[in-house]
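Thanks, everyone. I'll take the sheet to begin with, then the pocket. Please have the structure open while I talk.

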Amino acid sequence: MASSQTITTDLYKLFPSPHNRHRTIFLHEVFVPHPYMLIDLESYHFNGKYSLFAACRLADNKMGQVVTLELPEDELKFKAEFVPD
């Protein structure tokens, strides 16, 4: 992935998924420490918008994925329903 497609925040270096409908980093973020796991965000039927990024957590260089969500209730729903493989 070209470096121009990366986004660096205070916490993460992010690589947007080409499948994102919304190319926005929303306020509510969840780091998932499973870089190769398929996360089908559409199956969660969120009320708000969402996006998915491959991610490197800058604090410890841990690779994973970051799910960003527009609504706090969607963050709670994702945390409650997400089960890693």
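Start with β3 and β5, residues 62-69. They run antiparallel, joined by 5 bridges. This is a predicted model, so keep that in mind throughout. Two pairs to find on screen. F31 sits opposite V66 in β5. E29 faces T68, again in β5.

Now the other neighbour of β5. That is β4, also antiparallel, with 8 bridges between β4 and β5. One of the pairs here is Y50, whose bridge partner in β5 is L69. β4 and β5 form a hairpin with 4 residues between the strands. Look at N61 in that hairpin: its phi is positive, near 60°.

How many strands form it, and in what order? There are 5, and the order is β1-β2-β4-β5-β3. The sheet is open, and the pairing is antiparallel. At the edges are β1, residues 7-8, and β3, each pairing on one side only. Then the helix. α1, residues 72-81, packs on the sheet and touches β3 and β5. The direction of α1 makes about 20° with that of β3.

Why call β5 largely enclosed by the rest of the structure? Count its residues. Buried means under 20% relative accessible area. Of the 8 residues in β5, 6 are buried, so the strand is largely enclosed.

Next, the empty space. Rolling a probe the size of a water molecule over the atoms shows where such space is left. The largest pocket holds about 350 Å³. Its lining has 21 residues. Which lie nearest the centre? S17, H19, N20, I39 and L52. By class, the lining splits into 13 nonpolar, 5 polar and 3 charged residues. Among the strands, β2 and β4 each supply at least two lining residues. β4, residues 50-57, gives the largest share, with 5.

Let me finish on S17, one of those residues nearest the pocket centre. S17 is in the loop between β2, residues 12-16, and β3, residues 28-32. Is S17 buried or exposed? Its relative accessibility is 13%, so S17 counts as buried. What does S17 touch, leaving out residues up to four places away in sequence? R23, L52 and F53. Note L52 in that list. L52 is also among the residues nearest the centre of the largest pocket.

That's my tour. Over to you.

Technical notes
Residues numbered from 1 in each chain as written. Predicted model: local features only at pLDDT ≥ 70, side-chain atom pairs only at ≥ 80, totals over all residues. Heavy atoms only, no water. Buried < 20%, exposed > 50% of the residue type's maximum accessible area, 1.4 Å probe, protein only. Contact = heavy atoms within 4.5 Å. Pairing = 2+ DSSP bridges. Axes fitted to C-alpha atoms, helices over the stretch in contact; angles between N-to-C directions. 1 Å grid on protein atoms, 1.4 Å probe; cavity = no way out; pocket = protein on both sides within 12 Å on 5 of 7 lines; lining within 4 Å. Points joined across faces, edges and corners; volume = space filled by probe spheres on them. Nonpolar A, V, L, I, M, F, W, Y, C, P; charged D, E, K, R; others polar.
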